[in-house]
Amino acid sequence: MTKRRVRTGVPGLDEMLHGGFLPGSVVLIRGAPGTGKTSLGLQFLIHGATEEHEPGLLISFEEFPRSLYRDAASLGWDLESLEREQRLHLMFTSPEVFLAGLETPESIIDRLIREHDIRRVVLDSITHFNRLAHDPHELRQIYTRVANGLRREGITSLLLGEEARSEAVRADKGGLAFVVETIILLRYVEVESAIRRAIVVLKMRGSDHDKAIRQYEIHKGGLVIGDVFEGRQGLLRGISYRAT
Ligand SMILES: Nc1ncnc2c1ncn2[C@@H]1O[C@H](COP(=O)(O)OP(=O)(O)OP(=O)(O)O)[C@@H](O)[C@H]1O
Ligand SMILES: [Mg+2]
């Protein structure tokens, strides 16, 4: 029997994921500034809210409500009306408050999830927990608490993770890659003196998935996945060269 999948609504991505995420999984979306992490997260929540009857929650440590509404509007999304209809919930908080709330029954986050039957959560961003930890071991414990706190029945969560533009295939201090079920990388790549965007599904526990590195673009409406980068090597290192 094939398990039900949680569709992202991102054209081309569900095919890469062989139908979508596994329900209840914790997914890491990792990328440099401006690669489209927040856009992808919003697209996932909006698709759930409007097409799948799955209310969503965005937890942001990052943006002020006004700038998030504005960025979403530039992609064609009216977050305020989805909020009014209680199909989308936005929570602007700090990593400290969020972490304390995750493990406290009857906290604001716990109540939100139960009362509004939240099925999709986006955390923007997981990188903000780094400053709460003194060493990699403590960071790993925090990541595990966050992931386990979100791993409730039926909730699929995206953790957005920042990486510096210069970082290569990667230092992952707190072992976040081991804590999550699925990892998607968003990358800038240089191809013939132009910057293009690349997406790859790096791992997906419990499922097969597309191994190709594909191009994607961001337009009004969100991300759209395109073709594979044919005949190029070194894409994950950021600067590609023609395979000979
Ligand atoms: N209406 C639009 N049309 C085309 N591209 C857009 C539009 N709105 C945003 N973008 C693109 O999306 C990018 C920003 O995406 P987003 O904010 O989701 O990235 P991010 O990975 O969350 O960045 P950060 O790490 O800074 O939070 C912009 O740099 C721009 O290239
Ligand atoms: Mg962002």
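Colleague: Hi! Quick one to start: does Ser125 count as buried or exposed?

Modeller: Ser125 counts as buried, because its relative accessibility is 0% and the cut-off for buried is under 20%. Bear in mind that this is a predicted model.

Colleague: Thanks. Where does Ser125 lie?

Modeller: Ser125 is in a loop, the one between strand 4 (120-124) and helix 7 (136-150).

Colleague: And which residues is Ser125 in contact with, leaving aside its neighbours within four places in sequence?

Modeller: Those are Phe61, Glu62, Leu160 and Glu162.

Colleague: Let's switch to the ligand. Which residues around ligand 1 come nearest?

Modeller: There are 14 residues around ligand 1, and Lys37, Thr38, Ser39, Ser74 and Arg197 come nearest.

Colleague: What about polar side-chain atoms, say for Ser39 and ligand 1?

Modeller: Ser39 has a polar side-chain atom 2.5 Å from an oxygen atom of ligand 1. For Arg197, an N or O atom of the side chain is 2.8 Å from a ligand 1 oxygen.

Colleague: And on the backbone side, what does Gly36 do?

Modeller: A polar backbone atom of Gly36 sits 3.0 Å from an oxygen atom of ligand 1. As for cover, ligand 1 has 650 Å² of accessible area on its own, and the protein covers 64% of that.

Colleague: Which elements supply at least two residues of the shell around ligand 1?

Modeller: Helix 2 (37-51) and strand 8 (214-219) each do. Helix 2 gives the largest share, with 3 residues.

Colleague: How do the shell residues divide into nonpolar, polar and charged?

Modeller: Around ligand 1 you find 7 polar residues, 4 nonpolar and 3 charged.

Colleague: Zooming out, how many helices and strands does the protein chain have?

Modeller: The protein chain has 8 helices and 11 strands. Its radius of gyration is 17 Å, close to the 18 Å that the globule rule gives for 244 residues, so the chain is as compact as a globular protein of that length.

Colleague: What box do the C-alpha atoms fill?

Modeller: Taken along the principal axes, roughly 60 × 45 × 40 Å.

Colleague: Back to burial, what percentage of the 244 residues is buried?

Modeller: Buried residues make up 52% of them. The chain exposes about 11,800 Å², and carbon and sulfur atoms supply 51% of that area.

Colleague: Last one: among contacts with a separation of 6 or more, what percentage comes from residues 24 or more positions apart?

Modeller: In the protein chain, that comes to 67% of those contacts.

Technical notes:
Residues are numbered from 1 along each chain as its sequence is written. Chains are lettered from A and ligands numbered from 1 in the order in which they are written. This is a predicted model: local features need pLDDT of at least 70, side-chain atom pairs count only at pLDDT 80 or more; totals for chains, interfaces and linings use all residues. Side-chain values use heavy atoms; hydrogens and water are left out. A residue is near a molecule or strand if one of its heavy atoms lies within 4 Å of it. A polar contact is a pair of N or O atoms within 3.5 Å; within protein, one must be able to donate a hydrogen and the other to accept it, and residues adjacent in sequence count only if both atoms are side-chain atoms. Accessible areas come from the Shrake-Rupley method with a 1.4 Å probe; for residues, only the protein chains shown count as cover. Helices (H or I, at least four residues) and strands (E, at least two) are DSSP runs, numbered from the N terminus. Ala, Val, Leu, Ile, Met, Phe, Trp, Tyr, Cys and Pro count as nonpolar, Asp, Glu, Lys and Arg as charged, and the others, Gly among them, as polar. The radius of gyration is taken over C-alpha atoms; the globule rule is 2.2 Å times the number of residues to the power 0.38. Buried means under 20% relative accessible area, exposed over 50%, partly exposed in between (1.4 Å probe, protein chains only). Contact means heavy atoms within 4.5 Å.
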